[in-house]
Amino acid sequence: MAVTLCQGMGFIISAVGVAGIVASTCMNQWSTQDLYNNPVTAVFNYQGLWQTCVRESSGFTECRSYFTILGLPAMFQAVRALMIVGIVLGVIGLLIAIFALKCIHIGNMEDAAKANMTLTSGIMFIVAGLCAIAGVSVFANMLVTNFWMTTANMYGGGAMGGMTTVQNRYTFGSALFVGWVAGGLTLIGGVMMCIACRGLMPEENTYKAVSYHTSAKNAGYKTAGYKSATGYDSEVKSKTYNESRRSDDGKSYPSKYDYV
């Protein structure tokens with residue numbers, strides 16, 4: 001029961017995590033415009049992995065896709081690749097985990113096969129969660145670096161007596177937090193699936209050979225004392241001697257012992 005519960009909870013948590021990774025990848029709020037000390041508030045900019053959007057104070061929103069691949073920064077493309085790998089591994093892990101559930105019986109599938117499938121899906125969930133967390137963290141590091149560089153450019157001229165230039169600074173968007181949470185849930189679900197794998201493995205019955213040895217006291221046991229005390233040995237000898245004097249026709253004949 002505990003194994004089934006652990007496997008089921010791991011599957012549900014991993015499914016929610018994979019869905020969160022897909023949602024965060026498709027969201028456009030990876031970076032949002034920082035409105036601190038920004039006098040222009042009629043236009044709000046935010047960017048995602050696939051589109052950049054502008055929202056006006058009137059409520060009108062316009063998004064434009066990135067029409068270039070080579071023109072994007074290398075780290076930006078690496079974030080895309082990590083998120084896509086996380087989604088692919090998560091979806092494949094879900095498909096494998098469905099058939100590996102202990103509550104679902106498919107043909108004559110043995111428990112050993114389900115245990116191996118559960119372990120495989122768990123490893124895929126762990127890798128998918130790590131890819132999502134790594135991708136979001138790399139993008140967050142890019143935002144922090146660009147934020148402080150932009151801040152230095154804005155206020156650097158003012159410190160030297162020049163005019164302060166207004167530039168757009170971008171900070172963390174909601175998609176980053178969704179990606180972190182989703183990656184953590186996928187990672188936790190994968191660990192639970194790996195733990196449930198050990199309970200699904202069939203127990204190996206090993207029988208140890210037991211050898212019985214005769215004790216030293218019984219090995220030296222002799223019946224000579226009993227025979228001599230009861231006279232059993234003399235009776236057997238006399239019976240053999242008398243029977244040897246008789247032939248097959250019932251008559252007794254003298255033997256060589258009669259002349260001794």
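A residue is called buried when its relative accessible area is under 20%, exposed when that area is over 50%, and partly exposed in between, with a 1.4 Å probe and protein chains only. The structure is a predicted model, in which local features need pLDDT of at least 70, side-chain atom pairs count only at pLDDT 80 or more, and totals for chains, interfaces and linings use all residues. Residues are numbered from 1 along each chain as its sequence is written, and side-chain values use heavy atoms, with hydrogens and water left out.

View 1. The protein contains seven helices and five strands, where helices (H or I, at least four residues) and strands (E, at least two) are DSSP runs numbered from the N terminus. Along the sequence these elements follow the pattern α-β-β-β-β-α-α-β-α-α-α-α. Of the 260 residues, 29% count as buried. Where contacts (heavy atoms within 4.5 Å) join residues at least 6 apart in sequence, 65% of them join residues at least 24 apart.

View 2. Helix 1, residues 2–26, has 25 residues and reaches 36 Å from its first C-alpha to its last, close to the 36 Å expected, a span defined as 1.5 Å times one less than the number of residues. An α-helix has 3.6 residues a turn, so residues three or four places apart point the same way.

**View 3. The disulfide between Cys 53 and Cys 63.** A search of the whole structure finds one disulfide, the term being used for a pair of cysteine sulfur atoms within 2.5 Å. This disulfide joins Cys 53 to Cys 63, with an S to S distance of 2.1 Å. Cys 53 lies in strand 3 (residues 51–56) and Cys 63 in strand 4 (residues 61–65), so the pair ties together parts that are ten residues apart in sequence. The torsion about the S-S bond is about 110 degrees, and the disulfide is therefore right-handed. Cys 53 is buried, with a relative accessible area of 0%, whereas Cys 63 counts as partly exposed at 37% relative accessibility.

**View 4. Cys 6 and Cys 26.** The closest cysteine sulfur to that of Cys 6 belongs to Cys 194 and is 9.8 Å away, too far for a bond. Cys 6 is buried, with a relative accessible area of 19%, while Cys 26 counts as exposed at 55% relative accessibility.
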